[in-house]
Every structure is written in C-alpha cells, then in structure tokens.
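Welcome! Have a look at the chain below, and then let's walk through it together, one topic at a time.

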Amino acid sequence: MYFRQLLNDETACASYLLGCKTHLQLAIVDPHVDLVDEYIALAEAQGAPIAAVLETHVQADHVSGLSELVARTGATAYLPGGAGVEFEHHALRDGELVKLGNTVIEAVATPGHAVAHHAYLVTDLTRSKDPWVVLTGDALLVADAGRPDLHAHDGHTAEEMAGTLYRSLTERLLALPDHLLLCPSHYSGSVCGRGLSATPISTVGFERRHNPALQFDSAEGFVRSLLRDVPPVPERQAAIVAANRSGRPLAEVG
C-alpha cells in the first residue's frame, strides 16, 4: 500500500494520499485546496490515477480541494451521508467500504465535531485482513478531541455535539486496537482543537493513555472540559463552509 501524509503548516491541516499500486488506484482523504498540484504530481510519479477523493466531514477552517481534484482527475467524491453538500457525490453509510485494489477504506460514523463525520479505517490486504491505520478527521486529534461548536446549528447545540462526540470516541474509536496507527486531520496550530501536539501521528493506545480529552469517566466531565477555553472561530468560517458545501471557489461565495 502506498501511504503519504501531507501537511499544510499555514492551516495546520493533514491530508492523505493512499491506495494500491498493484491495481493502480489511489485515494485522497481531506484534501487541502493549496495542495492539489502536489497530490496530482505524487500520483503521477507513482503511475497511478486518483480514483477517489474522501472527506471526513465538511471542513469549516479551510477550503477543500475535493471539487478541483474531481474536476481534474475524474475521481469519485465520497462524503458521509447527510453532509448536506450541493454537488454530485457518493454518500457513504456507516460501515460501507471503498475498495481500491488491495487497499480497503471502511467508513466509521463518528459524529460530534460535525453532525455528519466519518473516520476511515484503512486495510492493506497484501499484509493482513486487519486494519492498519485509522484516519480520524477532526473527531480524535493527537492530544485533544475536535471542538464541538463549529458545526453546532440547525437545532444542535455545542453541548449536544460534545456529548455525541464523547459517544463516538468511547464507543467507536476507543473500541479499536491499541496498535492501530492514528492519523488525524489537524495538528498544533489548528483552531479545531486546543492543546494539539505538533506531531501529526499517534496510535490509538497512546492516545487512550495520554490524551487529556480521553481521561474522563463520564460524558458530563468530557463535555465541560471540551467547552472550556475554546479557540476563536476560524476567519471567514461561514464563507469557507459555503464554499465547501457548494463545491465552488471561496471567491465566488464570500
């Protein structure tokens, strides 16, 4: 399996290019608009087309590169069901698989940071039938959990979202094996969390033991902590969300 983590330090965003080189099918997860040329160049260097572009959720802090990648490569767009976007895409169900040759991506519903949010379990069938990596999006970050207020709307309060995230973490992500590589969509410098580590990679087991956001034995304690000292909202948040929902450039919506 080919696997590359790409970082954008300006917005502290991590994205992923991965897939099967044997069957020449690659995917990008949580693409950043500023890295579109780099994704395409990396794929071309591997001699494999980009067949799928996945979002863990509709981003609120930066413009996604999904629409441009789909336009330039012909890839299929995948988002969690209920994401509310206005462009053609495949709405993934919880547990649904995206198969790219020997690489299999499984959608795991992990709402709370956003109402529609997926983590993605990645399996390399050339090595094992067991997952190797979990891409956690903004749900579980290295040294924190994703803030619950950015997508609190349409009757969903930040408190409700935080409680939902607690269940996603404890019932879904922390049910995964400790050895699983954990790759989030943000690291230190992002406004999507507070005390994020500058190291953009971890394991489920290390976070279970050492992540301050995971040390609560009740949803109430978790919610109180998560709503404390929340960073300022991203600049132009409403316009960014509008761009990502519509699939249009930021200049056309804001």
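A nonpolar core is a set of buried Ala, Val, Leu, Ile, Met, Phe, Trp, Tyr and Cys residues joined through side-chain atoms within 4.5 Å. Buried here means under 20% relative accessible area. Keep in mind that this is a predicted model. With that in hand, we can start with the cores and then turn to the chain as a whole.

**The nonpolar cores**

- The largest nonpolar core has 27 residues, and Tyr39, Ile50, Leu69 and Leu79 are the ones with the most contacts inside it.
- Two or more residues of this core come from each of strand 1 (2-8), strand 3, helix 1, strand 4 (50-54), helix 2 (66-73) and strand 5 (76-80).
- Which element gives the largest share of this core? That is helix 1, with four residues.

**The chain as a whole**

- The chain holds seven helices and 14 strands.
- Its radius of gyration is 17 Å, close to the 18 Å that the globule rule gives for 254 residues, so the chain is as compact as a globular protein of that length.
- Along the principal axes, the C-alpha atoms fill a box of roughly 50 × 45 × 30 Å.
- Among contacts with a separation of 6 or more, 63% are between residues 24 or more positions apart.

**Inside, surface and charge**

- Of the 254 residues in the chain, 54% count as buried.
- The accessible surface comes to about 10800 Å², and carbon and sulfur atoms account for 50% of that surface.

**Two residues to look at in the loops**

- Asp30 sits in the loop between strand 3 (25-29) and helix 1 (36-46), and its phi is near 55 degrees, a positive value in a residue other than glycine.
- Is Asp30 buried or exposed? Asp30 counts as buried, because its relative accessibility is 3% and the cut-off for buried is under 20%.
- Ala143 is found in the loop between strand 11 (140-141) and strand 12 (144-145). Phi of Ala143 is near 85 degrees, a positive value in a residue other than glycine.

Terms used
Residues are numbered from 1 along each chain as its sequence is written. This is a predicted model: local features need pLDDT of at least 70, side-chain atom pairs count only at pLDDT 80 or more; totals for chains, interfaces and linings use all residues. Side-chain values use heavy atoms; hydrogens and water are left out. The radius of gyration is taken over C-alpha atoms; the globule rule is 2.2 Å times the number of residues to the power 0.38. Buried means under 20% relative accessible area, exposed over 50%, partly exposed in between (1.4 Å probe, protein chains only). Contact means heavy atoms within 4.5 Å. Accessible areas come from the Shrake-Rupley method with a 1.4 Å probe; for residues, only the protein chains shown count as cover.
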